[in-house]
Amino acid sequence: MFIGAIGCEPLQLRRVHLENSRWLDVYRRNGGYEAIKKVLDTMSPDDVINEMKKSALRGRGGAGFPTGMKWSFVPKDSPKAKYVVCNADESEPGTFKDRYLMERDPHMLIEGILIAAYALGAKTNYIYTRGEYKYLIDIMDVALDEARAAGLLGNKILGSDFSCEIYTHTGAGAYICGEETALLSSLEGMRGHPRMKPPFPAISGLYASPTVVNNVETLTAVPDIIKMGGEAYQKLGTEKSGGTKLWAVSGHVNQPGVYELPMGYDDMEKFIMEDCGGIANGKQLKAVIPGGSSVYIMRADQIIGKDVRMDYEGLVAGGSMVGSGGFIVMDETVDIFESTKNLTEFYKHESCGWCTPCREGTDWLVKIFKRIENGGGRPEDAQLLLDICDNIEGKSFCPLGDAAAWPIQSAVKRFPEDFEKHLVNNSRGESKHKGELL
Amino acid sequence: MSQQPINIQRLSQPVQMPDEIATFSPKVEAEIDRHLAKYPVMRSAILPLMFIVQRERGYLDPPGVSYLAKRLNLRITDIWEVATFYSMLHLKPIGKYHIQVCKTLSCKLLGSDKITQLCVKKLGIKVGEMTADGRFSLSEVECLGSCGTAPMFQINFDYHENLTAEKVDQILESLA
């Protein structure tokens, strides 16, 4: 599997190939913990937040919210404890970038959390890692112990007046806990149900205290932003999408992997056909899900010859979203009906059950997909799927409902032929399940 | 950090605890104390503690659940409430080697079905079952974040990636 940068100097990935890259001395020898020193010696919390705003860094977990702005929402005068929580619950299908950042450069994450904690006045911070990534929790614990022993964590960090602690925390297998308020519920020892927003976590998050939840990739970008300055970081990308972005490429390409690209990398076609080595086994490209399973699926003809720019605005213009950067490539042999059914089963399994549209809707969707697959497809089913999606989208408590609806809506509209085939081409030319409710 | 148990006022009758409550070695108790010390609210430690109980006792059995309730100053139902939400927490025994084949899209595209079928054939059990000797159990799970190295399965906490038929054979043989 490839790990590296294309079209720019590696920034977040520049240490991943070093020998023993996860150890403190290697990190320090390669520029590590210089940013926190700079912050503690020369910058006020407001200075840090200003640099973050200038960097145009947008949250890398999927929503793409400007990080500097998120940090600025935390009230400075609140007497309550404040928390920084790192979201390492990476479980969006197709996404596997945070894993390699934590595995190979854990101190970069620790330094990023330290800087965020300084900017926000947080004394206690947590890294919420999905339970399946237990080996990463072990790696992070070792790195945290190393940092503690070196005076980089705990009381009076690097001899300054700033003290803070970072702890690891484990999830236990629930996609919904990647949603920030569900993550906080889970961290409080509850079922991972999302909470009503507002109040946003910046006002009332963990233990009803001001909290910032940021993705691993977001926090690991922080040390470099401080070191090079927000403006220089922004210039690596575009005006509204600063810096570089990791893309986790999987599926039918010759060279899957984690690719660091500058924001605004032009031409998705070139990325697939050249940088990722083209489609495997000499097949043709059929479809791409560019930002994790929740975003709109793209047809090959929306990519080939279309110069789709790879940043937040470029992908919206191209008909999809950056999302988490989980880039799934599918060749001509894939039946989009089947791939969409697979993802729908995922959302049904992961719906937390809290709100009716998502709990019942995803269940109905899967039942209909299964009926169609078993030969009971009817011509009106495509519209039925869209109707159910319409009853979920925007009507569920948290974005999981939207995430379940979007892949189906885009697949039905952009690959009607793959659906029609199943709806009319069943063994008797009509439904075997006539009269049944579904 | 102060350890303030959450004060939960309940209207219902207190739940009768079963007589048997799990006990653990001083080493494990110390590990549990380390987790509790991370949080200002004890209940936050529920997931890490559940994994410890599960590791020590094979699954979240009733004495283990009673232990958690007592240790965290919660009701038994509070423990069940959380345990039933998360797919990695087991309420009945699982095999010594728990094989979890990823079935989500990226793995599916590269043949996760075949990997599952190989395991089914080799172990003589269906998905969701355990071998009679309790050595293996098999399940299909959702995305494990190993899409670039698909297909894959996780056995207990170990990732096995870029699987082929030969590799699956080899791994299962080595554990048999």
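Two strands pair if DSSP finds at least two bridges between them. Helices (H or I, at least four residues) and strands (E, at least two) are DSSP runs, numbered from the N terminus. The structure is a predicted model, in which local features need pLDDT of at least 70 and side-chain atom pairs count only at pLDDT 80 or more, while totals for chains, interfaces and linings use all residues. Residues are numbered from 1 along each chain as its sequence is written, chains are lettered from A and ligands numbered from 1 in the order in which they are written, and side-chain values use heavy atoms, with hydrogens and water left out.

**Strand S7(A) and its partner strands S1(A) and S6(A).** S6 (residues 244-251) of chain A pairs with S7(A) in the antiparallel sense over 6 bridges, and the two form a hairpin with 5 residues between them. Within this pairing, A:Trp247 has A:Tyr259 as its bridge partner. S1 (residues 2-5) of chain A runs parallel to S7(A) and is joined to it by 4 bridges, with A:Ile3 partnered by A:Val258. All 6 of the 6 residues of S7 (residues 257-262) of chain A are buried (under 20% relative accessible area; exposed is over 50%, partly exposed in between; 1.4 Å probe, protein chains only). The strand is therefore largely enclosed by the rest of the structure. A:Gly257, A:Tyr259 and A:Leu261 point one way from S7(A), and A:Val258, A:Glu260 and A:Pro262 point the other way.

**The open parallel sheet of chain A.** Four strands make up this sheet in the order S4-S3-S2-S5. S4 and S5 (211-215) of chain A stand at the edges with a single partner strand each, so one side of each is left without a neighbour in the sheet. On average, neighbouring strands are turned by 20° against each other, direction ignored. S2 (residues 83-88) of chain A pairs with S5(A) in the parallel sense over 5 bridges, and A:Asn87 stands opposite A:Asn215 in S5(A). Helix H6 (residues 106-120) of chain A packs on the sheet, touching S2, S3 (124-129), S4 and S5 of chain A. The direction of H6 makes about 150° with that of S2(A); axes are lines fitted to C-alpha atoms, for helices over the stretch in contact, and angles run from 0 to 180 degrees between N-to-C directions.

**Aromatic pairs and an aromatic cluster in chain A.** Rings of Phe, Tyr and Trp (its six-membered ring) pair if their centres lie within 6.5 Å; planes under 30 degrees apart count as stacked, over 60 as edge-to-face and the rest as tilted. By this rule the count over all chains comes to 27 aromatic pairs. The ring centres of A:Phe96 and A:Tyr100 lie 6.4 Å apart with their planes at 80°, so this pair is edge-to-face. Both A:Phe96 and A:Tyr100 are buried. A:Tyr175 and A:Tyr347 form an edge-to-face pair as well, 6.0 Å centre to centre with 70° between the planes. This pair links distant parts of the chain, 172 residues apart: A:Tyr175 lies in the loop between S4 (165-170) and H8 (180-187) of chain A, and A:Tyr347 in H13 (residues 336-350) of chain A. A:Tyr175 counts as buried at 13% relative accessibility, and A:Tyr347 at 1%. A:Phe2, A:Trp247, A:Tyr259, A:Tyr265, A:Phe271 and A:Phe327 form one aromatic cluster.

**Charged ends over the rings of A:Tyr312 and B:Phe157.** A charge sits over a ring if NZ of Lys or CZ of Arg is within 6 Å of the ring centre and within 35 degrees of the ring normal. The charged end of A:Arg58 sits over the ring of A:Tyr312, 4.0 Å from its centre. The charged end of A:Lys134 sits over the ring of B:Phe157, 5.7 Å from its centre.

**Surroundings of A:Ile272 and A:Val329.** A:Ile272 belongs to H11 (residues 268-275) of chain A and counts as buried at 0% relative accessibility. A:Val329 belongs to S12 (residues 326-331) of chain A and is buried, with a relative accessible area of 0%. Neighbours within four places in sequence aside, A:Ile272 is in contact (heavy atoms within 4.5 Å) with residues including A:Leu285, A:Phe327 and A:Val329.

**Confidence of chain B.** The pLDDT is the predictor's confidence in each residue, from 0 to 100. Chain B has a mean pLDDT of 92, and 90% of its residues reach 70 or more. Over residues 7-13 of chain B the pLDDT is below 50, and this stretch has 5 contacts in the model beyond near neighbours in sequence. For the complex, the predictor gives an ipTM of 0.93 and a pTM of 0.94.
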